[in-house]
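Biologist: I would like to learn how to read rings and surface patches in a protein model. Could we go through one together?

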Amino acid sequence: MQNCLKSIIIIVIYLSIQIPSYSQTTDLTQNSYHIEQYTDENGLPQNSIKKIVQDAAGFLWLGTDAGLARFDGQRFINYDQFNSIRGIHSFERGIQGDTIFAVSDQLDRMAIHFGKAFLSQAGINETKTALDGMSKPRDVYKSRGLPDQAETQITPTKIEFRGNVGKTFLYQTDQIQYFEPGKGVKTIPFKGANPWRFFILKGKLCHLNANGKVTLIRSDQAGIHTVSVHNMPTWGQQVPQIFWNNVNNQVFFYLNDQLYHISEEGNQIYAEKILSGFKLKENQIRTVYYDQPNAKVFLGSLTRGLFIAHQKPFRVLLNPDRYSDKVYYGQALLNDSTIMTSQGDIFSLDSDGRSRHRLSTLLQKNYGIDKYMLVKDQSGNIWSKSDKTLYRYDKNLSKLTAKIKLKEDIAWLHPGRNNRMWVGMLYSGLYYISLEDKDLIPKKFIGAPLKNITWIEEVSDKLMWIGTDSGLFTINPQTKKVSQIKQLQGKFIRSLYISSTQEIWITTYRNGIYLLKDNRLIKIPIDDKRYLAHAHCIIEDQSGFLWINTNHGIFQFKKQALLKSVMEGSTRPYYRYFNKSQGFNINEFNGGCQPCAVEVANRFISFPSMEGLVFFRPEYFKTAPAKTPFVLDQVLIDNVKATPKGDSLLLDHEFDLLEIDFRKAYFGNPNNQQVYYSIINENNSSYVFHKLQDNHYSIGIPSLKPGNYILTIKSINGFEENNFTEKKLYISVKEPWFQSGWFLSLILIILVFIFILLFRFRLHHLLRKNEILESIIRERTLNLQDTVKDLKISQSRLLRQNMLNTHILASISHDFRSPLKLVHSWVKDIPQNIIQNDFKSLSANSEVVEKTLANMMYLTDNMTDYMKAINRGAQTNLESHNLAQLIMEKTAIFDNILWVKKGVITIEVESSLMVRTNSNLLGILINNLIDNAIKVNYSGQVLVRAKTINIRDSSAVLLIIMDNGPGMPLELIRWLNSPKHLHTNPPKSYHGLGLAMVKSISELLNITLQVTVDQGTSVQLTLR
């Protein structure tokens, strides 16, 4: 019983310790090469490839039994138009330049230069060496690389090896001769050689000896030098097979399924293994070319086409148990060189690429199906979760130290500052566990709006970043203030990477990547296939490159170049894309876990995927692809071939579609080739580039207007700012004949001639029309002048009539109304005077009334005569009259006026003086002037004088009427002296009719009226 109890106790103790189990060591160098095969189904003309060379433009040229083929990394172009040339078995390099010659079985040659192949009549001359110009032994066999198709057929005693620039080695049975242009022949003794083990390396003839060493035969004084091959295992009795690419100066040794690239440095031979595990003999490999920038090996088979091999830069860590769970999420470093996973797989990595796997039964037991969290706190303790349960293990994964059950699912874990473990819950918000507490009970920190937390990052005591399925938030842990990044509202935050320079890189689910820098949120442009829209997480390596895993592979960016691109917005950021051909088992990677990516101390980076942990060394990817130029393959104008002259293309204007096909040698991942094009008028300096999609290297340009254009094709080759390849094609579209200079000049001349004719015709017509118009205008002008004259006369009459009416009204009011009032008053008083017998007053008043009525009759007669004269016209009754008699008649009226007797009227006029005038009007004028002179001075003197004067050689009569009164007011003088054409109105203070008639009659009779004042008033009348 005691023994049984003891056994049970031992078993329980053993199970409680749960010692981790170990499995086998995995050699990651096995199956580490990716092999692609191309056959006639992929575009090869035929599956027998005898030679492979690379030209100066980077294109690979394949010699096959069906002719020559060019390979640019994506597509084959077969030169089957050379029907007379079949069976390309070798290549030769020209003496000068970069020209290569393909040699057929009939020794015909095709020249290859810068991506183009063409027949060359001078091919033989262009490949001649110094030996060809000398007297040389007969039956010399020319070696064109190894292996040689004649190896199994002959053993030549004389064999020629061509070096660079015409230099030649000639091996004979016991010696080697060296020929160099202009330097004669140098002989070096050499015996016991196998002619099929010679090759040239860096201009030196080398021989692979049976003992595994290499003999270098130099042309200088050093002569023969035998060395061992460094970095290559000894091979005993088995001798390596030699592959010598004579055109590209490459040498390879193949031994025990290992292919080595051979190089020479300082008279030493070095070997570099470039391919392992591939059966060259079984696949009948005949030729090898090594693309060092892309680390790709091209193998030509006699029966199976072209193989392309490259070492997979990515490796996969897997549980070797075929039934184990190989879908990985959370991973963490157990120590500097060991990765642990949530499901218990532990991988220890060596610096040479080997790993050991063991299983932690503790983790395996507790993970269930929740593999998302595996973190270490500040004390090194390991935390994981499974739905609603938290687990804590010691730092060595030897025991479970805590198990905490919560009420809801745990979404996220983050080891924070100040001995805290942050716990993001699925629904209720953010919690924390104080690691100093023994009970480790989560305490609620903040609830809404933090829901379904997808990322936690504590930056400082005052700043935390919280990602959720609906946006990104910041928290001040001291104040618990929550702020949301508004531009990311509604976005599913996948992860955050905060770099040392405080750039915050944010990955989202479905919405790509964002950069938050200097309070500016920038959306990172994504790839054309939108793989980056589902980016999981970002990790930065020691060289400043960002690595991003997605659902469709891995992307690499150079951080500084990416920052410059997105901050300046100048160019689209360059990236490298990697898929499973580089070593993954599957392209789908996993995210939403913590940690998502880890960096091992020996500088491996590991990402979780749907089939294993994918790890790699970032420094392996430093080599940039080689720069290769663009080559213009074909130009079609409406499906008709056209040939550019150099970089220039001349086109007629009548075309519908210009198609330009070009290629560029590129042997990397086609997704990493970013090619753009732009076409602009030469006068426009602003380039707008368009990306060519899916590596389609054909540009279609619809019809262009006449002019000069620049087509620019640009390829981004790497992360460096100026690492690009560019080609320009200058396109000139001719003007149509009807837009040419000579035609336009002719049209211009014709138009000028027509214009002159039309101008002359029009001018003649206008002159004639102008003459007619002038005649009409002249006639109408005369009529108009007459009309204007009549109108002026009518206007003058109307003005005079209006003025007369005005003065008549004033006279009636002034000269008639007052006397009539007097008469009315006298008549009214007659009955009273009679009753009172006051006949004396009646008699006196009667005399006054009689005088008043006589004066009124006189005024009435004058007005009547004046009106009659105006109506009949002043100039219609002109007769010669005696002026003295006329004056005497008009002054006689004043003799009977009582008050005039006190004055004196003196008349000094010759009795024979005659005037031609209207006597009635002139009489009225004289009468009014004398009347006006007497009124202003009842006892005064009036002098009437007349004499004959000469005015401009014609006689006239000057009539002067003067008084010695106080003088006429100045305003009346100005009015009376004003010229006729001014039509000046009388002063407002004047209401009489006499002077108005004087002014009017003088104008009617064409009498010049001039009034002056000097000790009285002098009125001068000039009668012409």
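Modeller: We take ring pairs first, then charges over rings, then a surface patch. Keep in mind that this model is predicted.

Biologist: How many aromatic pairs does the structure hold?

Modeller: There are 46 aromatic pairs. One of them joins Phe161 and Trp244, with 6.3 Å centre to centre and 45 degrees between the planes.

Biologist: Which parts does the pair of Phe161 and Trp244 tie together?

Modeller: Phe161 belongs to strand β12 (residues 159-162) and Trp244 to strand β21 (residues 241-245), so the pair connects parts 83 residues apart in sequence.

Biologist: Is Phe161 buried or exposed?

Modeller: Buried means under 20% relative accessible area. Phe161 has 1%, so it counts as buried. Trp244, with 3%, is buried too.

Biologist: Which residues do ring pairs link into a cluster?

Modeller: The cluster consists of Phe314, Trp547, Phe578, Phe584, Phe589, Phe607, Phe616, Tyr620 and Phe621.

Biologist: Where does the charged end of Arg70 sit?

Modeller: It sits over the ring of Phe59, 4.3 Å from the ring's centre. In another case, the charged end of Arg617 is placed over the ring of Phe604, 4.3 Å from its centre.

Biologist: What about the surface patch?

Modeller: A nonpolar patch on the surface includes Trp737, Phe738, Trp742 and Leu746, and the whole patch has about 1100 Å² of accessible area. Trp742 is part of helix α5 (residues 741-835). Exposed means over 50% relative accessible area; Trp742 has 58%, so it is exposed.

Key
Residues numbered from 1 in each chain as written. Predicted model: local features only at pLDDT ≥ 70, side-chain atom pairs only at ≥ 80, totals over all residues. Heavy atoms only, no water. Patch = residues over 30% accessible without salt bridge, like charges linked within 9 Å, V, L, I, M, F, W, Y side chains within 5 Å. Areas by Shrake-Rupley, 256 points an atom, 1.4 Å probe, with all protein chains shown as cover. Salt bridge = Lys/Arg side-chain N within 4 Å of Asp/Glu carboxyl O. Helix = DSSP H or I, 4+ residues; strand = E, 2+ residues; numbered from the N terminus. Buried < 20%, exposed > 50% of the residue type's maximum accessible area, 1.4 Å probe, protein only. Phe/Tyr/Trp six-rings, centres within 6.5 Å; stacked < 30°, edge-to-face > 60°. Lys NZ or Arg CZ within 6 Å of the ring centre and 35° of its normal.
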